[in-house]
Every structure is written in C-alpha cells, then in structure tokens.
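The sequence and structure come first.

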Amino acid sequence: MKAVYFAAAATCAALVLTTLQAGAAVKHNAPGYPISGVPFTAVKVSTDSFWGDRIRQSRDVTIPLAFSKCQETDRYTNFEHAAAKMAETARGDSSSNYRPTQFPFDDTDVYKTIEGASYLLQTYPDVKLEAYIDSILDIVAAAQEPDGYLYTARTMNPAHPHSWSGPTRWAGEESGSHELYNLGHMIEGAIAHYQATGSRKFLDIAIRYADCVCREIGYGDGQIIRVPGHQIAEMALAKLYLATGDRKYLDEAKLFLDNKGKTARKDKYDQSHLPVIEQDEAVGHAVRAGYMYSGMADVAALTGDLSYVNAIDRIWENMVGKKMYLTGGIGSSGSNEGFSDNYDLPNMNGYCETCAAIANVYTNYRLFLLHGDAKYIDVLERALYNGVISGVSLDGGGFFYPNPLESHGQHRRQAWFGCACCPSNICRFIPSVPGYAYAVCNNQVFVNLFMSNTLSTKVGGKTLEIKQETSYPWNGDIEISVEKAASSQFALKIRIPGWTRNQVVPTDLYTYADGKNPCYSILVNGEKVNSEITNGYFTIERKWKKGDKVNVHFDMEVRTVQAHRQVREDRGKIAVERGPIVYCAEWADNTFNVLNAEIPANLSKVEVVSGTMNVEGRDYRMNYITIGCAKDNYAGNPSVARNAVLKLIPYYAWAHRGSGNMTVWLNRY
C-alpha cells in the first residue's frame, strides 16, 4: 500500500501542491499529498446552517472578544515595547526596563486571532476588519529586529528577557522559550491572511522570521541544532514551502523532526524521548504531539520519506485504538496536559484540552490526504462535533480549557484564560472548517463533511460548482446539486460515515451495544444507484451536467456505545450518540441525579425532539433525546429504583445553564 501511495502522489499531486489558492499559488514538480485539500476560499457555507451559525458567532462574538482581550491583556503592548526598546537602543538609551506579559507565547494569541479573522473574511467580507488587521500588523512589523527575529519576550529587554527564554536566542527553546512555536503560529496566520486578502504584509513578516531561523539553526558552519520544545513550526514551515516554492523551509521542518530525540533533551513530555521515526505510541503533551504528528505527515508527503509514513501510522493506531475519548478528545491527564497509559481514560478528571482536539483534526486530515481512507475523516468528524466545539459556548463568548466527560458541578466556562491558547485557537479554527468539507484528486471529488454550502473548484482542468443542502447533523438527508460542470466526467466520492456502517471508531476502542443495523441510500436524479464502498467512500462516476442532483440518506438512529473492556472507568456503562453527535445527561433537564441514572443497551422508548436551548434569552437549535425507560436509584436508598424519563442534550452544549452534574457515560442495566 505504501508503494501505491507514492505512485498516486506522483500522478495526483505532483503539479498541484498549493497553499496560496487566492491567485498566486506556486506549483512544484515534487512529491506531495496524493489528495489535495480544497481551500477554504473555495467553499461558502450557508449562513442559516449549523456551521453557518458557528462562523457567524465567530464574527459577532469570538473574534471581536479575542481582539479586545489582546488589547486588554497587553498582547499588543508587547510588540510596542519591543519596538520602543529597539528605537531606544539605536539612540544609545538603555534606561527602559520593559517586562513581558505572563507567557513568552502570548504573541501567538495575536497571530491566531488574525488567522481566524482572515478566514472569516471569506464568508463575511469586511473592509473595516481588513483595516483593523492592517493596523495590528503595523505594530507587529515594528517589533521585528533587522535580521528578521521577532520574539517580543526577548527584544523588549535583551538583558532580562522572560524567565523561560534563556540568555541568548534559542538557548531556552527546548525547555520553554517558545521562539519556534511563535514562528509556527505566525506563518499559519500569515498564509491565511494572504489567502484571504492577497496582501503580503503579514506574509513578508513571517518570511523574514523564517529566514532568520533557517540562517541560525541548521547543519552548517556557525549554525546550531535546536528542535522545537512546543511543535507547530514543522507543519507551518511545510506550508510555507508550498506557498513560496523555497525548499529551505521544508528542509528546516525536516531538520526539526529528524533531530527530535537526538539533542540533549529526551523527555516524553515533548515527544523527544526517541527519534520520531522510532516512535509507536502517543505520549506526552497532547497538543505538542498532535502538531508534531501533523508535521510528520507533511514531511512524509512532501519528501517521500516512507519512514515517516510508517511511524505516523503506528502512532495513529495507538492513539485511536487506546487513547482517544468517545468525543474525539485526546490527552487524559491534567498533570502533563496529555497522554497517559493505554486505556487510561478517566471521565471526570479527563483533560481533553480544546487545543488537543483541534490538533486531532489536523492530524487526521493530513492522514486522509496521505491515504485516502474515510476512517480518518470519521475520527476528524467525531472530534469536530464533540471535542472541539464543546470548548466554546453556544454564543461564542465562553470557553473550556479541559473538556471532561463527567462533572459534579465544578466545571464552568470562562470568558478568557491567562494562558489563552484555547480561546485563540478556537478563533482561528472555527472559520477554517469549510476547508475540510471537500478534497480532489485528478477527476475525483471527495465529499467528506456534510454542511450546507457551495463549492467552486477545478476538476480535471474544468470548473465545477456544486451546492450542498442539509440539516446535518440533526438529520441524515443531504442533497448535492451540480450547478456547473462544463460537461465534465468525474467521480463523486461520498463518505459513508463509520456510524452508518456500525463502526463507532475505526478500532475496537468503542463498539455499538444495541445490535442495530442502520442503512443508507443514494439517488441520482431520483434513481437509486449502487456502488461498493471502498475505503469508506461510495463512488458515482459519470458525465455530470448542470442540474444533476444526488440525494443521500443516512439512517440516523439513537445508538448506545460501550467502551473496550480495558477502559476501567467505563465498565458497566454505556453512552448515547446519534449520527456524529455524542449526547450527555445534565442536571438542568432532569429532576433526579443523572449520575445515578441507568439505561439498557437496547433502548425501546426513545424519542428525538427537535428544539432549542434557551441561554440568556437566546434560542440555539439542537436535537434532544428522551429515554423513557431509564431507572433512577434514589440516593438515600440505592436498592430502590423508579422508572424515569431521561433527557439528553448534545455534549457540546453542556454547562450553559449553571453548575450541576453531567455525564456522558451512564450506568447500564
């Protein structure tokens, strides 16, 4: 299969490696991903839809809040102080004694918010927002040292930099300076800004810093070897290579990965315990891990290095087979914000950092581009609808850092955090979701995610426009209309989700407990079509014309799920899900203690109710599940039980109506 992968890469992607699809893409004759992602700029999500609501909340609440917090918490001031210090030094004044804010990575909150705002401009063009971003970039650019170095935690006071930074450039990188982490988020934000606006203003800043890194960290005379203490620069530099065609950025990404585990630091926390190609288990800080695995996939694709493919495949099997929550969250331990032992998946103490769920999306998306298997999109979708969006409130203005699967009322959403990585990561991620909906390879179009949108792209050199209409995830009906096909013959590959094929996840970590066998159907212009499912895709190949319609139906039944026997905390329990949504029981909807509720594996009295959740006077659409055969053990006398109606809500919607008990895993009887 690996040989097939590289053959496919040569034919499918060698000439279409692009990142700056806004009109200035660079094409390379080089190895690459066998499948090409469709850029977010090509997909317009309908405003009156599940993801349209989420993107609108980002516009109206989350991103304005993040910009205001950058102002309020002196993120901008860091850049201003760095610029002031350089100006003072130039005129021989060393009297100022500026002090950086709490963390040396606070600069990245600015970069991530600009990235999210840039994605947002595709759905909601806004001249004032563009101008505001430009004004911030003026502040950022002024803080860049003449040789390109841009790290305010040192520049504002070189004699007394942030305590994590080390006495000289890169000295503290592997222990906490985050200089290369800052670079990574800068590049990610700069490329998104260029894609959305066509302006090189941020991109040129990022290129200058990347050039500085490439000059100072390397194998040559006068250079040093350092690896990122917190990964992300690897995937960002690979993206910068695609954007510019300059091979040195890809070489630098590979240098970072090749030397992980070979420097003085060797610690599972930052995945430096072994060289990356020798690793076979997900360990350490989960966000660092997810970003590194994404970078490994990028380097594997862009260099053709099979050792990287083999390593990331092994790690993925361990992560998805032994260390992932039902919600798609990863990282069970709060002590290291990351992975612990196999099958150690506590519920109330489960960490499941929001950033880690986002990293899980990044990793699985890249593995799909490598292998073309829908199982990776299945995991991505599970994380997306549960582990990621649970991290931001329905109104876009409250956040979770960890996302546990059980609470006794001690968990509350926060308006912001001192370490603001999760809110700012939500800022950049939610508006980028349209870019995950489709992918292309030669004359194949992959429909990966189901959301109301329009797509405009090139297939086989010809313009294709399709429109998708659906109420997914609330029902399993999707209509795909061909708006423009230029009499084109191509294969439409529709993902048949694992939950439709009786597969909770593509491993045995979770399985369905109810014995149900849901079905699906696909019609083309009203006539049923049949096709074998290959790698999770139903393929329709024909000569398409304007007006053709594909109607997809997935039975979306209420299902019960059980965990692998070795997951100790979930023994004797089951969870409830419907389609891609994991449900939970929360105190606000039930008159008894939900932690004592018991339900059978084979639910007989179940109702799905379309409705709204009212939070502070605003209604949010969702489906509820009621189970009419639940038992509630009285807390005062556990031997006495009564029948009760148990109401469940989507897991992502919990903790909006005050503090109280919540659980995903329910006692089984």
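## The β13–β14 hairpin

Strands β13 and β14 run antiparallel and are joined by two bridges. Across this pair, I533 stands opposite F538 of β14. The hairpin of β13 and β14 leaves two residues between its strands, and N535 has a positive phi near 50° there.

## Model and confidence

The model is predicted. Average pLDDT for the protein chain is 93, and 94% of the residues score at least 70. Residues 1–28 stay under 50 in pLDDT. For this stretch the model has 72 contacts beyond four places in sequence.

In general, strands of a sheet pair through backbone hydrogen bonds, in either the parallel or the antiparallel sense.

S36 has V440 in β4 as its bridge partner. Strand β4 (residues 438–441) then pairs with β5 (residues 444–447) in the antiparallel sense, over four bridges. Here A439 is bridged to F446 of β5. The hairpin of β4 and β5 has two residues between the strands, with N442 at a positive phi near 50°.

Strand β5 pairs in the parallel sense with β9 (residues 489–495), again through four bridges. V445 stands opposite L492 of β9 in this pair. On to β14, strand β9 forms an antiparallel pair over seven bridges, in which A491 has E541 of β14 as its bridge partner.

## The seven-stranded sheet

A further open sheet has seven strands, ordered β2-β6-β7-β8-β15-β11-β12, and its pairing is antiparallel. Its edge strands, β2 (43–45) and β12 (527–528), each pair on one side only.

Within this sheet, β11 (residues 520–524) and β15 (residues 549–554) form an antiparallel pair over five bridges. I522 of this pair has V552 in β15 as its bridge partner.

## Helix packing

Helices α4 (residues 107–123) and α16 (residues 421–429) pack with their axes 7 Å apart and at an angle of about 25°. Because of this angle, α4 counts as roughly parallel to α16; the cut-off for that class is under 35 degrees. The crossing of α4 and α16 is left-handed. On the α4 side the contact is made by D109, K112, T113, E115, G116 and Y119, and on the α16 side by C421, S424, N425, C427 and R428. By class, the residues of this contact are three nonpolar, four polar and four charged.

Helices α9 (residues 201–216) and α10 (residues 233–244) pack at an angle of about 120°, and their axes are 12 Å apart. The crossing of α9 and α10 is also left-handed. L203, I207 and A210 of α9 make the contact with L237, L240 and T244 of α10. Five of the residues in the contact of α9 with α10 are nonpolar, one is polar and none is charged.

## Backbone exceptions

Most residues other than glycine have a negative phi, and most peptide bonds are trans. What joins Y472 and P473? The link is a cis peptide bond, with omega at about 15°. P473 is placed in the loop between β7 (462–470) and β8 (477–484).

H178, a residue other than glycine, has a positive phi near 65°. Its place is the loop between α7 (173–177) and α8 (179–197). Positive phi values also occur at N442 in the hairpin of β4 and β5 and at N535 in the hairpin of β13 and β14.

Methods. Residues numbered from 1 in each chain as written. Predicted model: local features only at pLDDT ≥ 70, side-chain atom pairs only at ≥ 80, totals over all residues. Heavy atoms only, no water. Axes fitted to C-alpha atoms, helices over the stretch in contact; angles between N-to-C directions. Parallel < 35°, antiparallel > 145°, perpendicular 65-115°, else oblique. Left-handed = near helix turned anticlockwise from the far one by under 90°. Contact = heavy atoms within 4.5 Å. Nonpolar A, V, L, I, M, F, W, Y, C, P; charged D, E, K, R; others polar. pLDDT = per-residue confidence, 0-100. Pairing = 2+ DSSP bridges.
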